[in-house]
Amino acid sequence: VRIPIGQGFAGRIAAERVAIFIADVDHADILNPILREKGIHSLLGVPLIVEGDLIGVLHVGSLKPRTFGPVDVAVLQVAAARAAPGIERARLFSALEHEHRVAMLLQRSLLPKRLVDVMGVSTAARYLPASDEVGGDWYDVFHLPHGRLGIAIGDVVGHGVKAAALMGQLRTALHAYAIEDHSPGRTLAMVDRFLDGMPGYEIATAAYAVLDPESGALRLASAGHLPPIVVGDGAARVVELTPAPPLGAFPYGRSQEHEMSLAAGEMLVFYTDGLVERPKIPLTQSIRELVDVVRAASSAEEACQLAVEGLVPDEGLRDDVAIVAMQHNELPAELSMRLPADPRVLADVRRVLRRWLRSRGADDQDAARITLSVNEACTNAIEHAYSPAPADFELRASATDGDVTIVVSDAGRWRTARGPSRGHGLAMIDAAMDEVEINSGVTGTEVVMRKRVQA
Amino acid sequence: VRLADVQFSDHGRGAVVGLTGEIDLSNAEGMRRAIARAIPNHAVVLILDLSEVDFLDSAGIQLIYQLREDLRARGQVLQLVVGSTSPTHDALTLAGVTHHVEIVETLDDALRASRAVGGERDSPHGP
């Protein structure tokens, strides 16, 4: 039921802020049908006021005709004065709680649902909300042109829905600039310019790195963010970066880029200040603690887990925390993978294979030719498309004394060329490899390719 | 992120289609359709610039041959641009494309040649 201010019984009390007595409900201007339905005969109402603001109306009624005298009015006014602040507190609390829930939901929806999944690289992340407030921490991991991967972290100063919403905008802006293939420093400078154009005065820190999984080359830049940690082989170290000012702090800030490389097995760990900021403990000391804790991690997932276990206090967090880690996995001496028969896996296969071939001593031209041949054999396995049902195929690669052998096998038959321009695949494999064998049987097709890669 | 991108530019008699990135089974057909839709009628030569292509496989070669057929039906000629030391050139050589489609080293060479074609609308390579 909605009663307009100034109309009906409660509406008039609210508008005029006076006590009103109605002796006979039947013959009065009553808008609330509930009062009539309940058979109420007489009514007395007073306004509920908190610090001069009207927050509601308190009324009592009787089923029999009754007169409410000055004493009744006084008693009801005292009751209203006592109740009003409590009611207001409860209302505010539920509004706050609602905002908290909304902010929480927003925060969750703005973080990646799942991280990218690429052969040869593994990633893991955590977001931990503060015990009482929602913050503006975020992380992101995404694909970039030429098979590179981007990893980002950021922290919007402030809390609540506003910080969470800005976080979402910055995360999107960074991703959008990054996929245009700008370098980390340039990307952060562009996000800074984007923030500069936003209404209001906001500040955020962020760090962004680009990994080339084929070579392990890593470029990173920071805008006022805490230094990342590199973990590998039982050791960990802080990457000493020269950070640019935070985003939104000074216009025309420029990020210095840092170039390094991740050896096979090494990982980069980004985190936000909520993980290391503790009262009365210098930041350098708690970062050192973090380094000590993540040292033992052998995977990105384990690094996140150790960081949370080692640094998040039992009583909960005062500030939210984001952690994201990316590991440049060690490739085994022999590759063996089962892949879905989906053309989109081809690019990943080529990247992991090139990296593996390089580790086996292949030069650029041999690596390119073997990769092309394997790509053709995989294409054929995918094109077999036995049925619309999901299918998969296998790829195995090994090398002995400079002789690379690669086997691609599936449960279909080698597809013969269709049309005049088909069949280039096999011709290319023939021309590019030293030896090719196609074993086709009832259980499937196996393409065995060999090439010598060392002089 | 997209594996490859296409850029179109019109140079009068020569229409240039620049490909960047990697071309394989996942995107070759979509690319061929995008190119076929974008060919201007007034162009005599379609210059397919592969200089910035990182990878090209049999699906990409299929694209080239089909494009050549599409163009031939319209009385237009296909010319490829790719540096002779690039892996893309190596793939074209392995597949024998170099025997069937004219390839020049640089886009400038291709544009100069397209201006020299004059009013001739016949394919210099014949059917």
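**Chains, cores and bridges**

Modeller: Between chain A and chain B there are 4 salt bridges. A salt bridge here is a side-chain nitrogen of Lys or Arg within 4 Å of a carboxyl oxygen of Asp or Glu. This is a predicted model, in which local features need pLDDT of at least 70, side-chain atom pairs count only at pLDDT 80 or more, and totals for chains, interfaces and linings use all residues. Residues are numbered from 1 along each chain as its sequence is written, chains are lettered from A and ligands numbered from 1 in the order in which they are written, and side-chain values use heavy atoms, with hydrogens and water left out.

Colleague: How far apart are B:Glu22 and A:Arg351 in their salt bridge?

Modeller: Their side chains meet at 2.9 Å, N to O.

Colleague: And how many residue pairs are in polar contact across the interface?

Modeller: The rule finds 7, with both residues at pLDDT 80 or more. A polar contact is a pair of N or O atoms within 3.5 Å; within protein, one must be able to donate a hydrogen and the other to accept it, and residues adjacent in sequence count only if both atoms are side-chain atoms.

Colleague: Which elements give two or more residues to the side of chain A that touches chain B?

Modeller: Helix H8 (345-359), helix H9 (364-383) and helix H10 (424-432) of chain A. H9(A) gives the largest share, 9 residues. Helices (H or I, at least four residues) and strands (E, at least two) are DSSP runs, numbered from the N terminus.

Colleague: How much area is buried between chain A and chain B?

Modeller: About 1900 Å², and carbon and sulfur atoms give 62% of that. Buried area is the accessible area (1.4 Å probe) that two parts lose on being put together, summed over both. On the chain A side, A:Arg350, A:His424 and A:Met428 supply 25% of the area buried against chain B, more than any other three residues.

Colleague: How many residues of each chain are in contact?

Modeller: 29 residues of chain A and 19 residues of chain B. Contact means heavy atoms within 4.5 Å.

Colleague: What about A:Asn375: buried or exposed?

Modeller: A:Asn375 counts as buried, at 1% relative accessibility. Buried means under 20% relative accessible area, exposed over 50%, partly exposed in between (1.4 Å probe, protein chains only). A:Asn375 is in helix H9 of chain A. Setting aside neighbours within four places in sequence, A:Asn375 is in contact with A:Leu346, A:Arg350, B:Phe55 and B:Asp57.

Colleague: New topic. Which residues touch the most other members of the largest nonpolar core?

Modeller: A:Tyr139, A:Tyr208 and A:Leu268, in a core of 48 residues. Strand S7 (residues 204-211) of chain A gives the largest share, 7 residues. There is also a second, separate core of 35 residues, which includes B:Phe55 and B:Leu50. A nonpolar core is a set of buried Ala, Val, Leu, Ile, Met, Phe, Trp, Tyr and Cys residues joined through side-chain atoms within 4.5 Å.

Colleague: What does A:Leu268 touch?

Modeller: Not counting residues up to four places away in sequence, A:Leu268 touches residues including A:Ile151, A:Leu218, A:Ile229 and A:Met326.

Colleague: Back to salt bridges. How many over all chains?

Modeller: The structure holds 30. One joins the side chains of A:Asp140 and A:Arg171 at 3.7 Å, N to O. A:Asp140 is in strand S5 (residues 135-143) and A:Arg171 in helix H4 (residues 160-178), 31 residues apart. A:Asp140 is buried at 4% relative accessibility. A:Arg171 is buried too, at 17%.

Colleague: And A:Arg219 with A:Glu257?

Modeller: That salt bridge is 2.5 Å, N to O. A:Arg219 lies in strand S8 (residues 217-223) and A:Glu257 in the loop between strand S10 (235-238) and strand S11 (258-261), so the pair ties together parts 38 residues apart in sequence. A:Arg219 is partly exposed at 34% relative accessibility.

Colleague: Last one. Where is A:His225?

Modeller: In the loop between S8 and strand S9 (229-232) of chain A. A:His225 is buried, with a relative accessible area of 6%. A polar contact of 2.8 Å joins its side chain to that of A:Thr205. The A:His225 side chain also reaches the backbone oxygen of A:Tyr271 at 2.7 Å.
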